[in-house]
Amino acid sequence: MNLVLLAFVVLFRFYGHISCQNGSRPNIVMVMSDAFDGRLTFDPGSKVVHLPYVNYLRELGTTFLNAYTNSPICCPSRAAMWSGQFVHLTQSWNNYKCLNANATTWMDLLEANGYLTKMMGKLDFTSGSHSVSNRVEAWTRDVPFLLRQEGRPVAQLVGNKSTVRIMRKDWENTDKATQWIHQRGAASHQPFALYLGLNLPHPYRTESLGPTAGGSTFLTSPYWLEKVSSELINVPKWLPVSSMHPIDYYSTFTKNCSGDFTEQEVKSIRAFYYAMCAEADSMLGQVISALRETGLLNNTIMIFTADHGELAMEHQQFYKMSMFEGSSHVPLLIIGPGLKSGLQVDQLVSLVDLYPTVLDFAGVPAPGFISGYSLLPLLSKAGSFSKNQHPDWVLSEYHGCNVNTSTYMLRSGRWKYIAYADGLSVPPQLFDLTLDKEELHNVAFKYPDVQAHLDKLLRSIVDYPEVSATVHLYSKKAFGAWRNSLGGNYSQVIASLRWHVDWQKDMLAYERAIDKWLFGSL
């Protein structure tokens, strides 16, 4: 075989291994939900709620058993997925500070390479969005003062056993996506790429707390609750407050979860959350059905994932913003032509891997600056070639609200290592996920050699003390600029945010703490 022919074969294997029955490039459809716990997509978690369309993808495609977010909050996580880069590289620090509007996404590259593209629903990866409360909470998170920033998590039942469409905005977007498949996708003479972003199963805004409230209501109907096996819902174990890691206690307090909860309250929140997952699954099913009805399913790569998970009262917390499994573990299921069926992959992967993977499906070379690795070699029936082997670790980091310092998580093998701030001022955490699936036993000081090894590996990936210092300086400058922009209205505006406080006592003390934080060390 001459060198020219050999080069052609190598290039074809690397860039051209996924094709449809007619030899054309596949369509690509991604459905990304919000706050979907990835552990529900495989056993034993999959038994607690009936998710027929997730099960369909699992049976006919590949399920990644260890898929993680690169930042457990909406905007930075999506920034990582759309850019293929770790958040410290794009400085996507919080829900307000993410990618520039002109950032090049994998969808842009698909369009530039002949794909018809469409993005619908929740996108949330560029700077400038989310509430003022959310950004101020992120900027001032390391002010040494505790305030409850969220409403107490509650469960709310609506409708009856025939009430199906609860999250109306998501259903509207799902209807638009399926209509687009029928009208544009089916008629197109070029391959298409469709993205649908869902809000579910993210908790709803608690209306009773006013217009600035965050999402602390788990809301569903009897129709969806019937999809949940209530007898399989576990009540998670909690550490006593005195044994909590200081960062975890801060999160529990600011999320308004430090009070007493009855066992029934916890079970209800978890049951309602699972029911919300079932509603999201039904939206996924509508997209799958549209592809099947138009005859496009066999020529389409279908991806289901999420930006992050949901703690649902694990570790005495709800929401995300944590490196615990409920928050950081995301679903990742992929089906399509030329891909393996019924496969479960143990390889550690993360959302940055979707950028090169999608491009690989389309035969488009990935740029060299990305953090992710193509997953196609793990999926392809053809045993495709890859010049870049996926490492045996994944990185997640967090720099936003409800956590009072920058956090870095490294998963490697059986271990989860969590480092904070400069690596010195806050003690690390180390969990053996093989023996301690509930992550209740920090063994960082029991296994100092393991901790030292993982910290060295983490520092080889990211200079996390330097990143933490950068975020700290950014937060002070951003808050100071916002404060100055308000002039004499500052005190009134900051008091109107979603703090759950005694204003006369707590808010005045908080303002003094902010002044000391902002001006004391500048």
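A search of the whole structure turns up 18 salt bridges, each being a side-chain nitrogen of Lys or Arg within 4 Å of a carboxyl oxygen of Asp or Glu. The structure is a predicted model, so local features need pLDDT of at least 70 and side-chain atom pairs count only at pLDDT 80 or more, while totals for chains, interfaces and linings use all residues. Residues are numbered from 1 along each chain as its sequence is written, and side-chain values use heavy atoms, with hydrogens and water left out.

Helices (H or I, at least four residues) and strands (E, at least two) are DSSP runs, numbered from the N terminus. D34 also pairs with K122 (2.5 Å, N to O); K122 sits in the loop between β4 (116-121) and α6 (132-139), 88 residues apart from D34. D34 counts as buried because its relative accessibility is 0%, and K122, at 15%, is buried too (buried means under 20% relative accessible area, exposed over 50%, partly exposed in between; 1.4 Å probe, protein chains only). Together, D34, R78, K122 and D307 are linked in a network of salt bridges.

K161 is exposed at 56%, and E226 counts as exposed at 52%.
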